[in-house]
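Have the sequence and the 3D view ready, and let's take a tour of this fold together. We'll go from a helix to the sheet and then to the charged pairs.

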Amino acid sequence: MRNVAIVLAGGNGSRMNSKIKKQYLQIGNYPVLWYSLRTFQNSPWIDEIVLVCGAGEIKRCRDQFVDQYGLSKIGKIVAGGRERYHSVYEGLKAAENCDNVLIHDGARPFISEEILNRIFDTLKQCPACVTGMPVKDTIKIGSTDGYVEQTLPREKLWLIQTPQSFSYSLIRQAYDELIRREKEAETQNDVERKITDDAMVVETILQTPVKLIKGSYDNIKITTPEDLVLAKTLADRYR
């Protein structure tokens, strides 16, 4: 089986209040993006990494992550698209001729080999799975004027993470259909509002069930300055 990790690294990181994009911010001696790329590089499960970055950052990524850090599994570096799902599609097109694909946000530095083991054990039985963790807090739906409308059953709620993992043929079929529908739509807004993650594409377009598997509470996404502070306390475990 040939397995490819698609790592998305094209975000602007507007909520970081930084001139440096969040994936290039330092955690210790390395940029955020290095940590997940290094995990995929060292994993015996992963045959190739496809790195999806901003259109003007392809050379920078190759110089830094391939040449400087020696991450030889990065086989392709491609430019992303306008929205996240467009970037995923570019990654999928670059990852042809594989059996399974993992789609991962480069702003989540702390994935582990244990998570990858659970992913590939699951992919042996079902073609679609997502990592996540059960929520710790009570979740309520609020009204537009700030009142509680509903309290959700906590035992059924998960915080979804990445990697989100699929057989290549399944996720490619789903995204091909998504992009076809987008091109036929009068506006793109309806499509954009509905798509929040890759599993949702498979769930809604192909009506394929997606298996939940445990990730880690360490598998945080760097979004705000507070996340970067937390990441610096976690980094020693993942160097």
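## A helix tucked inside

Let's begin with helix H3 (84–94). Eight of its 11 residues are buried, so H3 is largely enclosed by the rest of the structure. Here "buried" means under 20% relative accessible area, "exposed" means over 50%, and "partly exposed" is what falls in between, using a 1.4 Å probe and protein chains only. The buried residues of H3 are Tyr-85, His-86, Ser-87, Val-88, Tyr-89, Gly-91, Leu-92 and Ala-94. As for the labels, helices (H or I, at least four residues) and strands (E, at least two) are DSSP runs, numbered from the N terminus.

Zoom in on Ser-87, which sits in helix H3. Its relative accessible area is 13%, so Ser-87 is buried. Leaving aside residues up to four places away in sequence, Ser-87 touches Leu-8, Val-52, Gly-80 and Gly-81; a contact means heavy atoms within 4.5 Å.

## What you're looking at

Before going on, a quick word on the model: it is predicted, so local features need pLDDT of at least 70 and side-chain atom pairs count only at pLDDT 80 or more, while totals for chains, interfaces and linings use all residues. Residues are numbered from 1 along each chain as its sequence is written, and side-chain values use heavy atoms, with hydrogens and water left out.

## The sheet

In what order do the seven strands of the open sheet line up? The order is S5-S4-S1-S6-S10-S7-S11, and the pairing is mixed. The edges are strand S5 (74–79) and S11, each pairing on one side only. On average, neighbouring strands of this sheet are turned by 25° against each other, direction ignored. Two strands pair if DSSP finds at least two bridges between them.

Helix H3 lies across S1, strand S4 (48–53), S5, S6 and strand S10 (158–167), running at about 145° to S1. H5 also packs on the sheet, touching S6, strand S7 (128–134) and S10, and its direction makes about 105° with that of S10. For these angles, axes are lines fitted to C-alpha atoms, for helices over the stretch in contact, and the angles run from 0 to 180 degrees between N-to-C directions.

## Two helices crossing

Now look at H5 and helix H7 (residues 198–205), which pack at an angle of about 80° with their axes 9 Å apart. That makes H5 roughly perpendicular to H7, a label given to angles of 65 to 115 degrees.

Which residues meet there? From H5 come Leu-170, Ile-171, Ala-174, Tyr-175, Glu-177, Leu-178 and Arg-181, and from H7 come Asp-198, Val-201, Val-202 and Ile-205. Sorted by type, the contact has eight nonpolar, no polar and three charged residues.

## Charged pairs

Side chains of opposite charge can pair when their charged atoms come close. A salt bridge here is a side-chain nitrogen of Lys or Arg within 4 Å of a carboxyl oxygen of Asp or Glu, and the structure holds 16 of them. One is between Asp-63 and Lys-59, at 2.6 Å from N to O. Those two are four residues apart in helix H2 (residues 58–68), so about one helical turn separates them. Asp-63 is partly exposed at 33% relative accessibility, and Lys-59 is exposed at 61%.

Glu-177 turns up again in a salt bridge with Arg-180, their closest N and O atoms being 2.5 Å apart. Both lie in helix H5 (residues 168–184), three residues apart, or about one turn of the helix. Another salt bridge joins Arg-237 and Asp-218, at 2.8 Å from N to O. Arg-237 lies in the segment after helix H8 (225–234) and Asp-218 in the loop between strand S11 (211–214) and H8, so the pair ties together parts 19 residues apart in sequence. Arg-237 is exposed at 58% relative accessibility, while Asp-218 is buried at 14%. Finally, Arg-84, Asp-105, Asp-198 and Lys-221 are linked in a network of salt bridges.

Terms used
Angles under 35 degrees count as roughly parallel, over 145 as roughly antiparallel, 65 to 115 as roughly perpendicular and the rest as oblique. Ala, Val, Leu, Ile, Met, Phe, Trp, Tyr, Cys and Pro count as nonpolar, Asp, Glu, Lys and Arg as charged, and the others, Gly among them, as polar.
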